[in-house]
Amino acid sequence: MASHATTEHTLAPGEIAKPNTGWIWKTFFVLVGITAIEFVFVFLMHPSTLRNSIFIVLTIMKAFFIVAEFMHLKHETKGLIWTILIPVALLVWLLVALITEGSFIGEVLQNMFK
Amino acid sequence: MAQSTTLQSPTAPATQDAPRTGNWDGGNEPFKASYGKLMMWFFLLSDAFTFAAFLTTYGMIRHKHEVFTGEAKEFVFSTRWWPIPDHVFNAFPGLGHANVPLGFVALMTMILIFSSVTMVLAVEAGHRMDKADVQKWLLWTILFGSTFLLSQAWEWSHFIHGTPEGTMMADGTVFHGANLAMNQYGPVLFADLFFFITGFHGTHVFSGVCLLIWCFIATTNGTFEKRGHYEMVEKIGLYWHFVDLVWVFVFTFFYLV
């Protein structure tokens, strides 16, 4: 089990190691910061494809920090990392494909009687 | 074991009870992760498929609908086009009908992110076998998780009851709020997707809170202390972070975009 905590001295029985929580709070402030940036864009930018792309990039950044640090995936073996990432990458492909399809269906329906 | 070895002939296998540790004997942990953690990862992957199906459906249906092209200030609710989220989700508890675009959902997001932090602190305390700290952080996580659930209940209630203005429907009557067949905000499917996506996420949070309460009781009873490790906290932690992760996506695709 990979662990962040590295204790220099061996513990006596019953003794409890000091908390090592710096990395947790660092990740927390990164997540809060990214959410704050998202809100800045909501109010300062008009809705556009560019704004949506910014949101998606920021969301993926947040997802990275949650999965890599909080869920500890960054510190697991390469095999496990790929086992999780490859199916998710295929899901993103499906998402893009079906959204494109949705735009096309909408276009057909809206122009049907024109 | 010295006794038994003396009884055996030199050609017989040393002992039948010794654990077999070969690659194909189940002696290895694939990916150096324990069985429970690995299965939790695979469960979460399959759960991600479910949520991705929801979000894919949302994306496809949304792109199928017309987009409001005018100025954001002149936006009005209509079944013709998809609503702009900050015009729908702009209420805050205790502020009546004041316009606070996305204010409450921002607070809910913060609560959930914070619950993720207290969860990871509980896992960290578990690594150190610090029972008191595990209890403390589990309680905080339960508190924030429950607060999120209550916030979502309020959000749903407000969405269902709607605004006093309402929206004129095709038959000339004014409709307030939303149900599965009709809503004042936009196309029928907008409300349906809101109920299903946030409802499914809320159910996950609820299950998570139940698991955490059970985990807190087990910690207090010293179950994990006796077992020698707090891996259960870690596994429930994985689930809890996943729920937070799903919210990050729901937040972007339902409220921001």
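User: In this predicted model, how are helix α2 (residues 49-70) of chain A and helix α8 (residues 231-256) of chain B oriented, given the angle at which their axes cross?

Analyst: The axes of these two helices come within 10 Å and cross at roughly 175 degrees. Angles over 145 degrees count as roughly antiparallel. The relation of α2(A) to α8(B) is therefore roughly antiparallel.

User: Which residues make the contact of α2(A) with α8(B), and how many of the residues are nonpolar?

Analyst: From α2(A), the contact draws on A:Phe55, A:Ile56, A:Thr59, A:Lys62, A:Ala63, A:Ile66, A:Val67 and A:Phe70. From α8(B), the partners are B:His241, B:Asp244, B:Leu245, B:Val248, B:Phe249, B:Thr252 and B:Leu256. By class, three of these residues are polar and two are charged, while the number of nonpolar residues is 10.

User: Which element gives the largest share of the side of chain A that touches chain B?

Analyst: In the contact between the chains, 44 residues of chain A meet 41 residues of chain B. The elements of chain A that give two or more residues to this side are α1 (22-44), α2 and α3 (78-110). The largest share, 17 residues, comes from α3(A).

User: What distance separates the end C-alpha atoms of helix α2 (residues 35-64) of chain B, and what span should the helix have?

Analyst: The helix has 30 residues, and at 1.5 Å a residue it should therefore span 44 Å. This agrees with the distance between its end C-alpha atoms, which is 43 Å.

User: Which elements are included in what covers the buried residues of α2(B)?

Analyst: The buried residues of α2(B) include B:Met40, B:Trp41, B:Leu44, B:Phe51 and B:Arg62. Their cover includes elements from both chains: from chain B, α6 (188-220) and α8, and from chain A, α3.

User: Is B:Trp240 buried or exposed?

Analyst: B:Trp240 lies in helix α8 of chain B. A residue counts as buried if 20 or more other C-beta atoms lie within 10 Å of its own. B:Trp240 has 29 such atoms within 10 Å, so this residue is buried.

User: Which residues is B:Trp240 in contact with, leaving aside its neighbours within four places in sequence?

Analyst: B:His158 is 82 residues from B:Trp240 in sequence and 26 Å from it in space, C-alpha to C-alpha. With those sequence neighbours set aside, the contacts of B:Trp240 are B:Ser116, B:Met119, B:Thr141 and B:Gly208.

Technical notes:
Residues are numbered from 1 along each chain as its sequence is written. Chains are lettered from A and ligands numbered from 1 in the order in which they are written. This is a predicted model: local features need pLDDT of at least 70, side-chain atom pairs count only at pLDDT 80 or more; totals for chains, interfaces and linings use all residues. Axes are lines fitted to C-alpha atoms, for helices over the stretch in contact, and angles run from 0 to 180 degrees between N-to-C directions. Helices (H or I, at least four residues) and strands (E, at least two) are DSSP runs, numbered from the N terminus. Angles under 35 degrees count as roughly parallel, over 145 as roughly antiparallel, 65 to 115 as roughly perpendicular and the rest as oblique. Two residues are in contact if their C-beta atoms, placed from the backbone, lie within 7 Å. Ala, Val, Leu, Ile, Met, Phe, Trp, Tyr, Cys and Pro count as nonpolar, Asp, Glu, Lys and Arg as charged, and the others, Gly among them, as polar. The expected span of a helix is 1.5 Å times one less than its number of residues. A residue is buried if 20 or more other C-beta atoms lie within 10 Å of its own, exposed if 12 or fewer, and partly exposed in between; C-beta atoms are placed from the backbone.
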